[in-house]
Amino acid sequence: MTKKIPEGLIEELNRGNLVLFVGAGISKPSGLPNWSELMQKMIDWTKYHCALSVSELNKINKLLEDKDYLTLSEELRKKMGKSHFFNFMYKVFRSKELQPNELHKLFTNINFAAIWTTNYDNLLESAYNNKLKKQVQIYYQNTAPALAAVCKERSFYILKTHGNIENIQTVVLGRKDYEDLIFANKSFEIAYQNLFIHNTILFVGYSLEDPDIQQILTSLQEAFKGNQELEYALMPNISDNKIKMFKEKYNIQVIPYTPSDFNHPEIIEFFKELQRRTCFKYEPQIDFSDQKRYIIHNLPPANFYVPRGKISSLVKKLSKNNYYDWIIGIIGPPGVGKSSLALELAYHLRYERLFDIIIWVTAENYVLTPRGIKRRDSAVSSMEDIYDIIAQTLNRDEIIQLASEQQKYEEIKQIFKSNRCLLIIDDIKTENSQIIINKVKGLISPSKVVVTSQIPISSLVDFEIGVSDIKLGIMSFEEAKCLLEYECDHREIILAEEEKKMIINFTGRHPLALIWSISQIELKGIVVNDIIDRLKKAKGEIYDYCFGQAVATLTPRSKQILQIMTLFINSASRCALEKIGNICEEDRFGFLQELIDRSLLRIDRNNRYNILSLTKYLVINRLEEIDKETKLRYCNFFLEMSKQYNKIKSGQDIEELKLDFENILSAIDWCEQQDDINIKCLVPEFIDALHNFLWLEGYWNKLVKYSKISFKICQETGDLIKAGLHAYHVAFTRFQQGEFEETKEWGMLSLKIMEQTKNEYYIAYVKRVPAMVARAYENNYEKSKKYLVEMLESGKKLLLKNENPERIMEIKDNICADALTTLANLERDLKRNYSKAERLYKKAILLNEELDNHEKQGLNYNHLGRVFIARYRMIKYENEKGIVKKLLEEAENNFIKGKEESIISKRSDQILIGMYGLALVEEGKENYVKAKTIANEALEKYSHSGAAEIKEMEELLNRINQYTTIHSSK
């Protein structure tokens, strides 16, 4: 059994300062030799492959007996020659049977700063590569500059001090190698010494007989006169005298053990215990007897995961030695990683040695553990508490004994003036927070302060000069996934990808909620679905710890605003909140600001308000339900916004409508679910207002869904014209999606209803769908033409009856122009009369130019492009290359015009058709790569519309793939 693991070693491991130095004993269980065994193998090889005289053999045996391995290996290398030496090393250290052993794998689960090794094999890096799924960084004696750079970055690496068998030129074996590759390598010697100075070393599987290590340890001992950092060594069967010698000569504390068998299972036991101990809470006990050399600090252990990109900007602010940014706030909602970021920053600054003293104090009274919320005894609540912690860290008990707070203040102030100090106040939210922050101002210069808080620090100081707040929000999905996988790996929990996504989505990518969820799975055996259920019902300590107190102490008005925020599916604009919540200007800077200061609401880059998912669940489950009047205001606000759509000319306003689209749909759904018919009637109003938006943005399935709902409501209220129009919209949209049965059903229904109204305009208007059905699905030319001729005749009569210019334009647009286009489709698709179709399309284009209707101009240009594609297909096998080329050019020109006009009108379905047509043209030209590019772009942008062209586009891609496959096989 080994002795108890020293607390100092655990401390350095938790702080990320412990470097593992492994020797040959670690690889022995994998079948590799130690120093003496390697020498014996080398002697046997030399005897077998090279002739040794009696005198040479006697000399070799004497060196082996004296354990002068450097001289012995040098003699053997000379005798073996370069070729035999390389063959020998490859045979020993590159065997295919070599595999990482249990100890190699165990190392990968412990947070070492780095691993240094004198071993030639690649078993360590293999274990790490398998664990990390990527290549670990490897350095040698000849890569000192790169090694210095990676140490500054604090990223894990492996240093092969004696080289690597995979790079035989780096191998150190023999006295000459030591002289040439190590002792004569000044840059490596300096880098090596610095590594020893800035890290704590744990030697394992190592006898400490290595001459280069002994030289480094001796030089450090001489330079620092025995005051260098304490190192550690795990060693078997070692005498008390040797333990004392290593402590006195090299300042190495030996951890002795007695092996129970030749495999030394005690080493495995030691590292398993070390892994377990890193999970325990650590109370720092630091000896600062040599304050000139060491950075004085009281930082808690740094065993956390911080996937944040804020460190570099914080370091830049803190490293400026000027008046500005003397106090920096890391602000954000509870549990988003403010403390972790501050602690990571502190360790980074400690490593960079930018401060002489780093003091950590926390004002958080409670901490969330996997087993519940626990009270923290060490929390500060006053400035005097902070003075005492500073004095304790500096080992200045006389300051603590001073009678008055003012005397303590003056003493601490002198320390902060004469040293470069960093004071970190974690989670300040006590009643005295404003007093503390303003008092801290007097301590600064040249020192700095970092404060983590839910409240902006600028709101706590008398003036904002020198104050800089950095906001920390929830993680990105990628960051959240990394944290989740880190926690699962650390706790040995296996989750499916779908389960990971569920947890990430339901926690709202909230870091502490993610960690809490995994801890519940580990400790209580709760399955993922139960975790999700708890989150949705706002059950669990995570809610009380992060938001319980903040929500409970809100004013009634602030609670009401928070309740209103739960109505929004996503973010809320300021205007929406003000109108729905009846918020006046005074409220905006009062109650709204209170919610922002408590991190219950946040403002995003679009200046819209957001509520965290966890806060939303808490409010829904623990506060009163929102009254019907407020919900009705919510619906009326978005109905008014929807009605404004046709008047919108600013692109920014349209973007605002898009941002509120999910909120609008939630308002429609709520209205439809009500028993009050007056509220239900708001649904058709919404759809009338949003029809063009839904169509042009490609939300066709939603248009069908809500048009059907509106149709039923209009039937209930007896509004036949609106009912007929909604039925027509269902039919027309389904036609564009290629759904024949529904098109026919709803088209005839709309015509039947309109005939009951005896309104000539609407009867003519809806006849277009039956005409399209007869053409496209029944192949009935006469029936289709009958409906279209009736449309045109009705249009002419209506034009003669009306004198109102707006009404005349409406008739020309919705009846005459549509009838011309559909007649042209009829001639093109059923009669194959392309000349007549071309004339009708051009006539329709001229009429739409008169009406300034880009939407229908684009449609007709696309239709005209299809005429030329159809002609091209008819003659493409007749070797009329000149005609084929001309037809494709005509088609291309019309599809380009169609696409351009459709972009102006924002008609997404026609943009899609234009792109489909251009892909067909490129297919005709046999430009398959370009055709695929156009088709894929169209599918990516418009596949959500469900348009019939989507299927045609997919068929085109299949054809192209077949062409290219056949071509490549030939």
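The protein chain exposes about 45,600 Å², of which carbon and sulfur atoms supply 48%. The model is a predicted one, and 52% of the 970 residues of its protein chain count as buried. The chain has 46 helices and 17 strands, and among its contacts between residues at least 6 apart in sequence, 70% join residues at least 24 apart.

**The six-stranded sheet**

- Six strands form an open sheet with parallel pairing, and their order across it is β8-β10-β13-β14-β9-β15.
- The edge strands of this sheet are β8 (296-297) and β15 (467-471), each of which pairs on one side only.
- At the β8 end, β8 pairs with β10 in the parallel sense over two bridges, and the bridge partner of H297 in β10 is I358.
- Strand β10 (residues 357-362) also runs parallel to β13, to which it is joined by six bridges, and here I358 stands opposite L422 of β13.
- On to the next strand in the order, β13 pairs with β14 (residues 448-453) in the parallel sense over four bridges, with L423 having V449 of β14 as its bridge partner.
- In general, the strands of a sheet pair through backbone hydrogen bonds, in either a parallel or an antiparallel arrangement.

**Strand β13 and its cover**

- Strand β13 (residues 421-426) is mostly covered, and six of its six residues are buried.
- Which residues of β13 are buried on each side? C421, L423 and I425 are buried on one side, while L422, I424 and D426 are buried on the other, and both faces of the strand are therefore covered in the sense that each of these residues has under 20% relative accessible area.

**Nonpolar cores**

- The largest nonpolar core has 163 residues, and those with the most contacts inside it are F568 and L577.
- Setting aside the neighbours of L577 within four places in sequence, L577 is in contact with I561, I564, M565, F568, A572, N582, I583, L592 and Y609.

**Salt bridges**

- A search of the whole structure finds 42 salt bridges, among them the one in which the side chains of E790 and K767 meet at 2.7 Å, N to O.
- Because E790 lies in helix α39 (residues 781-801) and K767 in the loop between α37 (760-766) and α38 (768-776), this pair ties together parts that are 23 residues apart in sequence.
- Within this pair, E790 counts as partly exposed at 25% relative accessibility, whereas K767 is buried with a relative accessible area of 11%.
- The side chains of E827 and K836 also meet in a salt bridge, at 3.7 Å from N to O; here E827 counts as buried at 2% relative accessibility, and K836 counts as partly exposed at 29%.
- A further salt bridge brings together the side chains of R959 and E923 (2.9 Å, N to O).
- Since R959 lies in helix α46 (residues 948-969) and E923 in helix α44 (residues 908-924), the pair ties together parts that are 36 residues apart in sequence.
- R959 is partly exposed, with a relative accessible area of 26%, while E923 is buried, with a relative accessible area of 12%.
- Salt bridges that share partners also join K481, E485, E497 and K500 into one network.

**Cysteines**

- How many disulfides does a search of the whole structure find? The search finds zero disulfides.
- In general, a disulfide is a covalent bond between the sulfur atoms of two cysteines.

Note on methods
Residues are numbered from 1 along each chain as its sequence is written. This is a predicted model: local features need pLDDT of at least 70, side-chain atom pairs count only at pLDDT 80 or more; totals for chains, interfaces and linings use all residues. Side-chain values use heavy atoms; hydrogens and water are left out. A nonpolar core is a set of buried Ala, Val, Leu, Ile, Met, Phe, Trp, Tyr and Cys residues joined through side-chain atoms within 4.5 Å. Buried means under 20% relative accessible area, exposed over 50%, partly exposed in between (1.4 Å probe, protein chains only). Contact means heavy atoms within 4.5 Å. Two strands pair if DSSP finds at least two bridges between them. Accessible areas come from the Shrake-Rupley method with a 1.4 Å probe; for residues, only the protein chains shown count as cover. A salt bridge is a side-chain nitrogen of Lys or Arg within 4 Å of a carboxyl oxygen of Asp or Glu. A disulfide is a pair of cysteine sulfur atoms within 2.5 Å.
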